Amino acid sequence: MEKKKVGIFSFSGCSGEQLMILDCEAQLLDIFSDLEIKTFPMAQSNNRYSELDIALLEGSITTQHQKEELQEIRKASKVLIAMGTCACFGGVQSMLLGKGGWKDRFMKVYENNEGLYREMAAFESQPCSAFVKVDHLIPGCPMDKDQFLHTLSHVLHNTKPHLYPFPVCTECKWKENDCLLNRGLPCLGPLTRGGCGAICPSHNLPCVGCWGPAETPNTTSEFKLLLEKGYSREEIIRKFRNFGGAVIADRLRKILDKIK
Ligand code: SF4
Ligand code: SF4
């Protein structure tokens with residue numbers, strides 16, 4: 001059987017997904033021997049490709065150059081999979097905080113270097129889906145090894161992967177944890193995609209939302225609850241935006257003027 005051609009690509013992020021793939025120790029030999037790995041910047045130096053069966057992308061898109069590269073990868077690939085919260089939702093770099101627009105913040109950090117701003121052609125961080133069709137998401141910061149292997153295996157067999165459609169709270173309840181919200185802690189489990197095994201609340205730490213926004217959470221309800229617990233509007237907005245990127249910013253825009 002002809003080996004499937006796979007490309008692994010990295011944009012703006014911490015390279016945690018590449019590291020997680022390399023950490024699949026028991027399966028790594030199979031991955032490298034049964035697939036034709038065309039690109040994998042962290043693991044090999046020859047990274048050329050023309051056509052791919054599967055492209056796996058990590059990191060968010062933050063420059064014009066990355067956007068064009070992403071569009072080339074999409075054209076060359078049959079299936080495109082976004083790995084990790086940055087590629088899926090924009091990551092912490094898309095938290096849209098601070099005064100002014102993105103250019104104002106860039107100028108503050110780079111001391112008004114207009115030349116660098118033009119040369120980098122950089123923009124507010126975006127998920128891959130802002131520019132191309134993404135076939136599958138594997139959220140997580142970093143993604144979970146089992147969910148990566150599950151998704152890759154299903155895609156290779158032309159079947160549909162099934163990741164968790166519910167929020168972190170569901171996994172937290174499976175573990176019979178006491179809810180941290182009852183103790184007044186600002187847990188974002190109700191707003192956050194499941195899949196991590198509710199690891200933080202299981203250790204008495206509130207979820208900060210690192211797996212990205214859940215699909216249909218009740219954002220208004222959690223906002224009101226945290227107000228009742230004594231948190232200020234600014235504190236709540238900051239927490240919600242930490243890993244929520246443009247998705248949460250958009251949800252907040254729709255609800256904020258209705259919440260007193
Ligand atoms: S502790 Fe957090 S994750 Fe667990 S049930 Fe409460 S809100 Fe949900
Ligand atoms: S509980 Fe929340 S912050 Fe902790 S790993 Fe899971 S999604 Fe991330």
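Two residues are in contact if their C-beta atoms, placed from the backbone, lie within 7 Å. Helices (H or I, at least four residues) and strands (E, at least two) are DSSP runs, numbered from the N terminus. The structure shown above is a predicted model, in which local features need pLDDT of at least 70 and side-chain atom pairs count only at pLDDT 80 or more, while totals for chains, interfaces and linings use all residues. Residues are numbered from 1 along each chain as its sequence is written, and chains are lettered from A and ligands numbered from 1 in the order in which they are written.

The description begins with the sheet. Five strands form an open sheet with parallel pairing, in the order β2-β1-β3-β5-β7; two strands pair if DSSP finds at least two bridges between them. At the edges stand β2 (35-39) and β7 (136-138), each of which pairs on one side only. On average, neighbouring strands of this sheet are turned by 25 degrees against each other, direction ignored. Such angles run from 0 to 180 degrees between N-to-C directions, and the axes are lines fitted to C-alpha atoms, for helices over the stretch in contact.

Strand β5 (residues 77-83) runs parallel to strand β3 (residues 52-58), and six bridges join the two. With β7, strand β5 pairs in the parallel sense over three bridges; here the bridge partner of Met83 is Ile138 in β7. Because five of its seven residues are buried, β5 is largely enclosed by the rest of the structure. A residue is buried if 20 or more other C-beta atoms lie within 10 Å of its own, exposed if 12 or fewer, and partly exposed in between, with C-beta atoms placed from the backbone.

Helix α7 (residues 145-156) lies across β1 (4-10), β3, β5 and β7, and runs at about 160 degrees to β7. The loop between β7 and α7 contains Pro142, which is joined to Cys141 by a cis peptide bond with omega of about 0 degrees. Elsewhere, Glu69 has its place in helix α3 (residues 64-76). Glu69 is partly exposed, with 14 other C-beta atoms within 10 Å. Although 58 residues separate Glu69 from Phe11 in sequence, their C-alpha atoms are 9.6 Å apart in space.

The ligands come next. Around ligand 1 there are 14 residues, of which Cys169, Cys172, Cys179, Cys187 and Gly189 come nearest; a residue is near a molecule or strand if its C-beta atom, placed from the backbone, lies within 6 Å of it. The shell of ligand 1 has eleven nonpolar, two polar and one charged residues. In this classification Ala, Val, Leu, Ile, Met, Phe, Trp, Tyr, Cys and Pro count as nonpolar, Asp, Glu, Lys and Arg as charged, and the others, Gly among them, as polar. The residues surrounding ligand 2 include Cys196, Cys200, Cys207 and Cys210, and its shell has ten nonpolar, two polar and no charged residues.

Cys200, one of the residues around ligand 2, lies in the loop between α8 (168-174) and α9. Cys200 counts as buried, with 21 C-beta neighbours inside 10 Å. Leaving aside residues up to four places away in sequence, Cys200 touches Leu205, Pro206 and Cys207. Its C-alpha atom is separated by 9.4 Å from that of Cys187, 13 residues apart along the chain. Asn204 is also placed in the loop between α8 and α9; Asn204 is exposed, with 11 other C-beta atoms within 10 Å, and has a positive phi near 65 degrees, in a residue other than glycine.

In helix α9 (residues 219-228), the buried residues are Thr219, Glu222, Phe223 and Leu226. Seen down the axis of α9, these fall within an arc of 105 degrees, so they line one face of the helix; the arc is that of the directions from the helix axis to the C-beta atoms. The face turned away from this buried side carries the exposed residues Ser221 and Glu228. The cover over the buried residues of α9 includes α10 and α11. Helix α10 (residues 233-241) and helix α11 (residues 245-255) pack at an angle of about 145 degrees, with their axes 9 Å apart. Ile237, Phe240 and Arg241 of α10 make this contact with Ile248, Ala249 and Leu252 of α11.
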